Amino acid sequence: MPSKLIEKTLRVNRLPHIWCPGCGHGILMRDVAQAIDNCGLDPDKVVIVSGIGCSSRAAGYMNYNTLHTTHGRALAFATGVKMANPDLTVICITGDGDCTAIGGNHLIHACRRNIDITSIVFNNNIYGMTGGQYSPTTPHGEKGTTAPYGNIDYNFDIPKLAEAAGATFTGRCTAYHAPQAIKLIEDAIKHHGFSLIEGMSVCPTYYGRKNKKGDSVAMMNWQKDTCIDAKVASKLPPEKLEGKILIGELSRDESKEEYTDMYMKIIEKCGGNK
Amino acid sequence: MAVKKNLVTNPKWCKGCGICVAFCPKDVLAIKKEKIVIENPDNCIKCGLCELRCPDYAIWLEEEE
């Protein structure tokens, strides 16, 4: 018998999951499940949409209405679900490659529209499922199967990218900082508009091994030492923030109207629903 | 009245990554033959950090009924 939370929110007959030993995705999926549970949402009104990749296996394990879609198109399918029935809470679980490379265009346009979808990007800094190729979030200079001498691309900062594209709530959490992650995902679900959370995962199998980062414990200790809460960071001098990564709520804009709300107004204006 | 909690494991789901062992503040846990073992149950302060960080949901606190 698993814990009460797992029994309530996950498909227990599908567990244990396929993720590698020490993969941060399991921790992040639990955070998402706990956040949904904390919000007190009706499970029949929650839709989990995912794309392709390690991260996107999550849709298969979560016991809600789930949709496992094509590569990079999770946000496009999620937009369709939300437009068809705006009463649903749509949560999109996607990976760094799925969201920012193959689905990069869908990401910026979902951000621009401010449609009420909560997107959680499980970022493991690499394409894990296909054998460790470098992704748009593999840090500059780090190695991947396709970058044996170091990656010469500069990596994306996903929350900044989303904010610039028009997302009205952005944040970052890590596998190590689980309690903070649960709170952040809860806030993102409650936010009425497009919210994007980057969940920093750990990939000991590919990213860790290629870059000699040690096992998942060492990688989580790195997250503990490197990440600093944005609220705390705002009170610190810039020299103390060198090389640090900000976590927590990074931006929020309540001024924009939500997409389906505006669409419903158009339907009403044109005499629909009569 | 505080609810009594017990630490429970499911070795079948454990993949032996050692995250719970490393982040346990009281050295309660150990990995033996690649599976989780509660070695010093009396030291446990029921903080729940192992449950929060176990990627495989193989350890948790259960409320006593």
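Setting aside residues up to four places away in sequence, A:Ile185 touches A:Asp31, A:Val32, A:Ala35, A:Ile120 and A:Ile197. This description concerns a predicted model, which scores ipTM 0.93 and pTM 0.94. The largest nonpolar core comprises 89 residues, and A:Ile185 is named with A:Cys92 as having the most contacts inside that core.

In space, A:Asp31 is 6.5 Å from A:Ala181, C-alpha to C-alpha, although 150 residues separate the two in sequence. The contacts of A:Asp31, leaving aside neighbours within four places in sequence, are A:Ala178, A:Ala181, A:Ile182 and A:Ile185.

The model also contains a contact between two chains, to which chain A gives 18 residues and chain B gives 16 residues. On the side of chain A that touches chain B, at least two residues come from each of the helices tabulated here.

| Helix of chain A | Residue range |
|---|---|
| α2 | residues 25-38 |
| α8 | residues 178-190 |
| α10 | residues 216-226 |

By class, this side of chain A has 12 nonpolar residues, five polar residues and one charged residue.

As for confidence, chain B has an average pLDDT of 91, and 98% of the residues score at least 70.

Conventions:
Residues numbered from 1 in each chain as written. Chains lettered and ligands numbered in written order. Predicted model: local features only at pLDDT ≥ 70, side-chain atom pairs only at ≥ 80, totals over all residues. Contact = placed C-beta atoms within 7 Å. Helix = DSSP H or I, 4+ residues; strand = E, 2+ residues; numbered from the N terminus. Nonpolar A, V, L, I, M, F, W, Y, C, P; charged D, E, K, R; others polar. Core = buried A, V, L, I, M, F, W, Y, C linked by C-beta atoms within 7 Å. Buried ≥ 20, exposed ≤ 12 C-beta atoms within 10 Å, placed from the backbone. pLDDT = per-residue confidence, 0-100.
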